[in-house]
Amino acid sequence: MARRLLETKQDLSHVVLVLMDEYLVEGARGELDYAPSDQPWSCHYFARVEIADRLNAAVQRGRQLEERSIWFPDPRDPEAYDARIADAGGIDYFLLASGASDGHVAFNQPGSARDSRTRIIPLSEATRRDNLTTFPVFGALDAVPHHGVSVGIATIADARAAVMIVMGESKRETLWRMQRAERYEPDWPATIIHECAVGEIVSDLEAASRSADDLR
């Protein structure tokens, strides 16, 4: 995408990047607050280093994505995030991923209600193990936070369009579950892709390959 921006000289100054979630850690007073933004597993770090810095390097000054236009849900007032999104005109496009072992999407755990909105969520061991696989820098399961703040299932479904990216052998189960579903199934939250106005699932060959035993 950065190379394409360099070629086409696009203007990103109007873009708002709406992050779906962030890990929460316990603060000095026992309250839950954002994970440190200098940690490579935090969503703040990812948004700054892997998205904004890369894209802005390919765009002229004055046309870059502004820091104030990178949004996160606030753990002190999670419900305000949906109102902020609505006031801005809604989400044009959500880029989604699914947990390998339990189908979580953002931090929505199995059993999440269809009408759920942005909230603080306790993270299951399965979700935390998935995130340890995604970010080996954690080192051990005990280092993976136990809570996150996340948009809800209804927040995702309200987007004008969404794509679910499914990559790698570990995502075979979640791809199969999504393909088999026709609507939202609370025990596998990633199935919400079927209730987005425009929804698409994109996978690689490793995720799409299933053995004869898997298909029985």
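1. Let's start with helix α4, which spans residues 125-134. Its buried residues are T127, R128, D130, N131 and L132, where buried means under 20% relative accessible area, exposed means over 50%, and partly exposed lies in between (1.4 Å probe, protein chains only). They pack against β2 (21-26), and contact here means heavy atoms within 4.5 Å. Helices (H or I, at least four residues) and strands (E, at least two) are DSSP runs, numbered from the N terminus.

2. A quick word on what you're looking at: this is a predicted model, so local features need pLDDT of at least 70 and side-chain atom pairs count only at pLDDT 80 or more, while totals for chains, interfaces and linings use all residues. Residues are numbered from 1 along each chain as its sequence is written, and side-chain values use heavy atoms, with hydrogens and water left out.

3. Now helix α3 (residues 79-87), where Y81, D82 and I85 are buried. Looking down the axis of α3, these buried residues fall within an arc of 95°, so they line one face of the helix; the arc is taken from the directions from the helix axis to the C-beta atoms. On the face turned away from that buried side sit the exposed residues E79, A86 and D87. Among the elements covering the buried residues are β1 (17-18), β4 (70-71) and α5 (153-157). Just past α3, G89 has a positive phi of about 105°.

4. Which residues have the most contacts inside the largest nonpolar core? They are F94, L96, I156 and M164, in a core of 27 residues. A nonpolar core is a set of buried Ala, Val, Leu, Ile, Met, Phe, Trp, Tyr and Cys residues joined through side-chain atoms within 4.5 Å. The elements giving two or more residues to this core are α3, β5 (94-97), α5, β8 (162-166) and α6 (172-180).

5. Next, the open sheet: 4 strands in the order β3-β2-β7-β6, with antiparallel pairing. Two strands pair if DSSP finds at least two bridges between them. β3 (32-34) and β6 (119-122) are at the edges, each with a single partner strand, so one side of each has no neighbour in the sheet. Inside this sheet, 4 bridges join β2 to β7 (residues 147-150), and D21 stands opposite S150 in β7.

6. Finally, β8 pairs with β9 (residues 199-203) in the parallel sense over 5 bridges. In this pair, A162 stands opposite G199.
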